[in-house]
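Thanks for coming, everyone. Have a look at the sequence and the fold, and then I'll walk you through a few places inside.

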Amino acid sequence: MFDSFYGWYLKCQSDTQTLAVIPAVHKTGNKRTCSIQVITDDDAWTAVFPADSFRRTRRNLFIEENRFGEEGISLAIHTQQLTARGKLAFGPLFPLKYDIMGPFALVPFMECRHSVRSMRHSVGGTVCINGQDYSFRDAWGYWEGDRGRSFPKEYIWTQCCFSEGSIMLSVADIPMAGIHFTGIIGVVLWRGKEYRIATYLGARVVRLQNKMARVTQGDLELEACLLEASARPLKAPAKGDMVRTIHESASCQAFYRFRKEGRTLFAFETDRASFEFEYFS
């Protein structure tokens, strides 16, 4: 039995191109379907498939002839709007030391559960999307997943691979047992070391406005700021049904800064960031 929705987000990022692919299965009432969303620097498409074309093994997801997993991505999509074919190979994955949800992984009936399969891995290969080649050589990948009933009503999410590591940060409104609280999960991978920032470790938001989030935890401080969006519409789950529209900038301008004990470990501006800012106030 599947959760109301279950999906992976696999992002491939080079110096010049970004490609993200989201295979998912979703169920609401007696309705059950699966889909593949493809997001590039300039566009986004959704291909819907019969539910029985979805198959999951320990290491892979399959939707018809499309495969996603530890070894990489193989695409064979042909619809009226989207033709995508090709293969991308992944190098060794960089998983987290333990579940990104921490103790919340044991809490039942959560609206959405997040996972991070790999903070950073090499990507090589070519995929042709509607006649345009997306070629990756000496490129980097990121892999996460979600399952549950619905995406948070309000949230910010960002991810970026850079020369010395990778960043992921999510700040979201979390409903639980009739109350709401602001939940934080984030990881900074820098020079081979993992820094975990999370509500269950004492993280708190010190600023969340003007498309910027700054969070602190003890002597750590992480700031992420969306400078210029290039948002494309994506489908997201609401009670299992893919009827909500969110907007993701798969490749946009952003600023990141990470400090420890008052010392800046890194600060940089990039045009390779991925960003979703779904806060309404």
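Predicted model: local features only at pLDDT ≥ 70, side-chain atom pairs only at ≥ 80, totals over all residues.

Glu248 is buried, because its relative accessible area is 0%, and the cut-off for buried is under 20%.

Where does Glu248 sit? You'll find Glu248 in strand 20, residues 241-260. Now look around it. Leaving out residues up to four places away in sequence, Glu248 touches Tyr9, Trp157, Ser230, Ala231, Arg232, Leu234, Ser274, Phe275 and Glu276. Take Tyr9 from that list. The side chains of Glu248 and Tyr9 make a polar contact, at 2.7 Å. Then take Phe275. In sequence, Glu248 and Phe275 are 27 residues apart; in space, C-alpha to C-alpha, they are 5.8 Å apart.

Next, the nonpolar cores. In soluble globular proteins, nonpolar side chains tend to be buried together. The largest nonpolar core here has 31 residues, and Phe68, Ile77 and Ile129 touch the most other members. Among the contacts of Phe68 are Trp8, Leu10, Val21, Ile36 and Leu75. There is also a second, separate core of 30 residues. Trp157 belongs to that second core, and Trp157 is also one of the residues Glu248 touches.

How many cavities of 30 Å³ or more does a search of the whole structure find? One. The largest cavity holds about 650 Å³. It is lined by 40 residues, and Cys112, His114, Asp146, Phe151 and Pro152 are the closest to its centre. The lining divides into 25 nonpolar, seven polar and eight charged residues. Strand 13, residues 165-176, gives the most to that lining, with five residues.

Conventions. Residues numbered from 1 in each chain as written. Heavy atoms only, no water. 1 Å grid on protein atoms, 1.4 Å probe; cavity = no way out; pocket = protein on both sides within 12 Å on 5 of 7 lines; lining within 4 Å. Points joined across faces, edges and corners; volume = space filled by probe spheres on them. Helix = DSSP H or I, 4+ residues; strand = E, 2+ residues; numbered from the N terminus. Nonpolar A, V, L, I, M, F, W, Y, C, P; charged D, E, K, R; others polar. Core = buried A, V, L, I, M, F, W, Y, C linked by side-chain atoms within 4.5 Å. Buried < 20%, exposed > 50% of the residue type's maximum accessible area, 1.4 Å probe, protein only. Contact = heavy atoms within 4.5 Å. Polar contact = N/O pair within 3.5 Å; in protein donor to acceptor, adjacent residues only side chain to side chain.
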